[in-house]
Amino acid sequence: MTLSVGDVAPDFTLKSQHGEEISLSSFRGIKNVVLVFFPFAFSGICTGELCEIRDNLGDFAELDAEVLAISCDHFFSNRAFADRDGYEFSLLSDFWPHGDISRSYGAFNEGAGAPNRGTFVIDREGVLRWKVVQGIGEPRNLADVREILADIS
C-alpha cells in the first residue's frame, strides 16, 4: 500500500536517542509533525541536514511543529550522533524490526538497508499533508517543509 497525501499517517512508537518511547499519536491535537527519515548517522549529507534543522529549530517551533528524525541506526548510535552535534530534537531508532516504520511510509531502500531521504508533514489531526522521498545521495530542501507548515499552521 502506498501512503498518499490525505491519508491518516501510520502511527508508531520508537525509541529516541535517550531511550524514551515516542509515539506519533502523542502529538495528535497538539502539534504538526515533520518526519525526517535519514539514512545513516555520522554521514556527510545527513549531518548537514540535521545541523540545518538544529540551527533552524526555532522556525519549526514558530510553525507549531515537532521534528522527528528517523533512521535504522540503534538508539545508542543516535545518542552519540545527537551528543556530538547538539541535536535537541528527537532522533528515533527504526532499528528493530529493521526498517519497519520506514517501510510503512514508503521510504525504505532495500538495497541499502536504510531509509531514503523521506520527508513527511503531518498535521495536528494526524493526516499526511505533504511528502517527498528522495534517494540517499539527494539532499532535501527544508525551505519547502517550512512553506508547507506555514500553509497549514
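## Exercise 1: The cores

The largest nonpolar core has 25 residues, and Val34, Leu50, Leu91 and Leu149 touch the most other members. Such a core is a set of buried Ala, Val, Leu, Ile, Met, Phe, Trp, Tyr and Cys residues joined through side-chain atoms within 4.5 Å. Buried means under 20% relative accessible area, exposed over 50%, and partly exposed in between (1.4 Å probe, protein chains only).

A word on the numbers: this is a predicted model, where local features need pLDDT of at least 70, side-chain atom pairs count only at pLDDT 80 or more, and totals for chains, interfaces and linings use all residues. Residues are numbered from 1 along each chain as its sequence is written, and side-chain values use heavy atoms, with hydrogens and water left out.

**Solution.** 
- Step 1: Look up the elements, which are DSSP runs numbered from the N terminus (helices are H or I with at least four residues, strands are E with at least two).
- Step 2: H5 gives the largest share, five residues.
- Step 3: There's also a second, separate core of 19 residues, with Ala9, Leu14, Ile101 and Leu128 among them.
- Step 4: Now zoom in on Leu50. Leaving out residues up to four places away in sequence, Leu50 touches Phe38, Ala69, Phe81, Tyr87, Phe89 and Leu91 (contact means heavy atoms within 4.5 Å).

## Exercise 2: Aromatic rings

**Task.** Work out how the rings of Phe37 and Tyr105 are arranged.

**Solution.** 
- Step 1: Start with the rule. Rings of Phe, Tyr and Trp (its six-membered ring) pair if their centres lie within 6.5 Å; planes under 30 degrees apart count as stacked, over 60 as edge-to-face and the rest as tilted.
- Step 2: That rule gives nine aromatic pairs.
- Step 3: For Phe37 and Tyr105, the centres are 5.6 Å apart and the planes are at 45°, so this pair is tilted.
- Step 4: Phe37 sits in strand E3 (residues 32-37), while Tyr105 is in the loop between helix H4 (100-104) and strand E6 (108-109), so the pair ties together parts 68 residues apart in sequence.
- Step 5: Both Phe37 and Tyr105 are buried.
- Step 6: Elsewhere, ring pairs link Phe38, Phe42, Phe81, Tyr87 and Phe89 into a cluster.

## Exercise 3: Strand E8

**Task.** Is strand E8 buried or exposed, and which strands pair with E8?

**Solution.** 
- Step 1: Six of the six residues of E8 (residues 117-122) are buried, so this strand is largely enclosed by the rest of the structure.
- Step 2: Check the directions. In a regular strand the side chains alternate between the two faces of the sheet. Here Arg117, Thr119 and Val121 point one way, and Gly118, Phe120 and Ile122 the other way.
- Step 3: Strands pair if DSSP finds at least two bridges between them. E3 and E8 are antiparallel and joined by four bridges, with Val33 partnered by Ile122.
- Step 4: E8 also pairs antiparallel with strand E9 (residues 128-134), over six bridges. Arg117 has Gln134 as its bridge partner there.
- Step 5: E8 and E9 form a hairpin with five residues between them, and Gly126 in the turn has a positive phi of about 85°.
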